[in-house]
Amino acid sequence: MFRFHKPLDIITLFHKASSPASVRLATALRQASAAASETSTLDQASDHTAQSEASRRPEFKLEITETPPTADQLRTILDYVGKQRVGSIVKGASDEQDALRKYKENVENLQRPVVVDWNNGKAAAGENESEILKMLNDLPR
């Protein structure tokens, strides 16, 4: 009997290269992605605990883009964060309509970096690295 493998979760970083927080987060995400896909072989003379299936973070596909999200992507991201956290995605926004209006006026109102887990409906903005790493750890295996 065979089983189908689960496709990799897609994690997107809406990046801003001029932002130190975004650069740090991009580095952390690249390291997490590389660590998740690392495997060890039995002939290596080292401790394999970090690579064991029980402690290893699930693999994911990392996309880093400096292109701002489309209006449809932004709507989806705002749905993921919920009404109370709309202002964490778009500066000064009080609700989804306000966020879309402010974003349309100036895409720089987007609080980059923004990390989105499209498969599991989660998003986080800013440099809260612990929240983003928790998002990665919560990926289904």
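Visitor: Is D98 buried or exposed?
Guide: D98 counts as buried, because its relative accessibility is 12%. Buried means under 20% relative accessible area, exposed over 50%, and partly exposed in between, with a 1.4 Å probe and protein chains only.
Visitor: What should I know about the source?
Guide: This is a predicted model: local features need pLDDT of at least 70, side-chain atom pairs count only at pLDDT 80 or more, and totals for chains, interfaces and linings use all residues. Residues are numbered from 1 along each chain as its sequence is written, and side-chain values use heavy atoms, with hydrogens and water left out.
Visitor: Where is the place of D98?
Guide: D98 is in helix α4. Helices (H or I, at least four residues) and strands (E, at least two) are DSSP runs, numbered from the N terminus.
Visitor: And what is D98 in contact with?
Guide: G92 and A93, leaving aside neighbours within four places in sequence. Contact means heavy atoms within 4.5 Å.
Visitor: Switching to α2. Which residues are buried there?
Guide: L74, I77, L78 and V81, in a helix that covers residues 71-81. Seen down the axis of α2, the buried residues fall within an arc of 100°, so they line one face of the helix. The arc is that of the directions from the helix axis to the C-beta atoms.
Visitor: Which exposed residues does the face turned away carry?
Guide: D72 and D79.
Visitor: What do the buried residues of α2 pack against?
Guide: β1 (9-14), α3 (86-89), α4 (96-105), β3 (114-117) and β4 (122-125).
Visitor: What comes just after α2?
Guide: G82, with a positive phi of about 90°.
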